[in-house]
Amino acid sequence: MTADTVETTGTAGTAPWAPGDHILWRYRGNATDRVHICRPVTVVQDTEDLLAVWMAPGTDCVKPLLADGTPVHREPLATRYTKPRTTTTSRWFGTGVLKLARPGEAWSVWLFWDPGWQFKNWYVNLEEPLARWAGGVDSEDHFLDIAVYPDRSWEWKDEDEFAQAQRAGLMSAAQAERVRAAGLAAIERIETWGAPFASGWEDWRPDPAWTVPTLPDDWDRTPARLGA
């Protein structure tokens, strides 16, 4: 996608989405412009400071799959990023996920619950700052993540995948350094217990009238221009 097709999240230059609107939360494959993850979500809040969306249980999503049919997570790490891939549609059967993103930040924060709305943890997903278009937001995952627990402890996640992605040529040393720096900035936010960790989102609940968004046939479309 070119720079004039999307813009960093925040509502500048585009109309804000309303609570209950359905949009797409997408990720491009690393070192490619092809979308390989697409999750239909419901807008919770869309302001200059925060985009919050809800991915409901039972949502049909697109995820990557090895061309031979092997699920990505079951492929040995040494060859996980070098074998040919395709995509498949899979239903999200787990509890829902609340995703929070602030404009320009190189991560989003996801909230997970166990059944019965027992809060489980926050998850800092390191990624390109979300790029906004009329149908949703796009990003690129950066492999490295941080889990944050209710007692305010935290730990790095997927450091092995982060290292392997560099060995496989999906991430340069300079980009990896920027990703690690973004992670350290997120950790500073965690350790000072800033937003969104102190914002009470773990007590949020979806509107029971909301329907589960559907996956459109053109889920992988490229916006022709800003606002397309």
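A: Let us do so, keeping in mind that this is a predicted model.

Q: Is Pro84 buried or exposed, and why?
A: The general idea is to compare the relative accessibility with a cut-off, and a residue over 50% is called exposed. Pro84 has a relative accessibility of 59% and therefore counts as exposed.

Q: Which residues is Pro84 in contact with, once its neighbours within four places in sequence are left aside?
A: With those neighbours set aside, Pro84 is in contact with Leu66 and Ala67. For a reference point elsewhere in the chain, take Asp220, which is 136 residues away from Pro84 along the chain, while the two C-alpha atoms are separated by 18 Å.

Q: What does the UniProt record place at residues 74-194?
A: In an unreviewed entry, UniProt gives these residues the feature "domain: DUF402". In the model, the chain over residues 74-194 is 23% helix and 41% strand, with its end C-alpha atoms 36 Å apart.

Q: How should I read the pairing of strand 7 and strand 8, and how many bridges join them?
A: One looks at the direction, the bridges and the turn together. Strand 7 (residues 97-101) runs antiparallel to strand 8, and five bridges join the two; within this pairing, Val97 stands opposite Phe112 of strand 8. The two strands form a hairpin with five residues between them, and Gly104 in the turn has a positive phi of about 85°.

Q: How do I describe two packed helices?
A: Two packed helices are described by the angle between their axes and by the distance between those axes. Helix 1 (residues 159-167) and helix 2 (residues 173-191) pack at about 160°, their axes being 10 Å apart, which means that helix 1 is roughly antiparallel to helix 2. The crossing of helix 1 past helix 2 is right-handed, and Glu159, Phe162 and Gln166 of helix 1 meet Ala176, Val179 and Arg180 of helix 2.

Notes
Residues are numbered from 1 along each chain as its sequence is written. This is a predicted model: local features need pLDDT of at least 70, side-chain atom pairs count only at pLDDT 80 or more; totals for chains, interfaces and linings use all residues. Side-chain values use heavy atoms; hydrogens and water are left out. Buried means under 20% relative accessible area, exposed over 50%, partly exposed in between (1.4 Å probe, protein chains only). Contact means heavy atoms within 4.5 Å. UniProt positions are given in the numbering used here, feature names are shortened, and annotations may be inferred rather than shown by experiment. Helices (H or I, at least four residues) and strands (E, at least two) are DSSP runs, numbered from the N terminus. Two strands pair if DSSP finds at least two bridges between them. Axes are lines fitted to C-alpha atoms, for helices over the stretch in contact, and angles run from 0 to 180 degrees between N-to-C directions. Angles under 35 degrees count as roughly parallel, over 145 as roughly antiparallel, 65 to 115 as roughly perpendicular and the rest as oblique. A crossing is left-handed if the near helix is turned anticlockwise from the far one by less than a right angle, and right-handed if clockwise.
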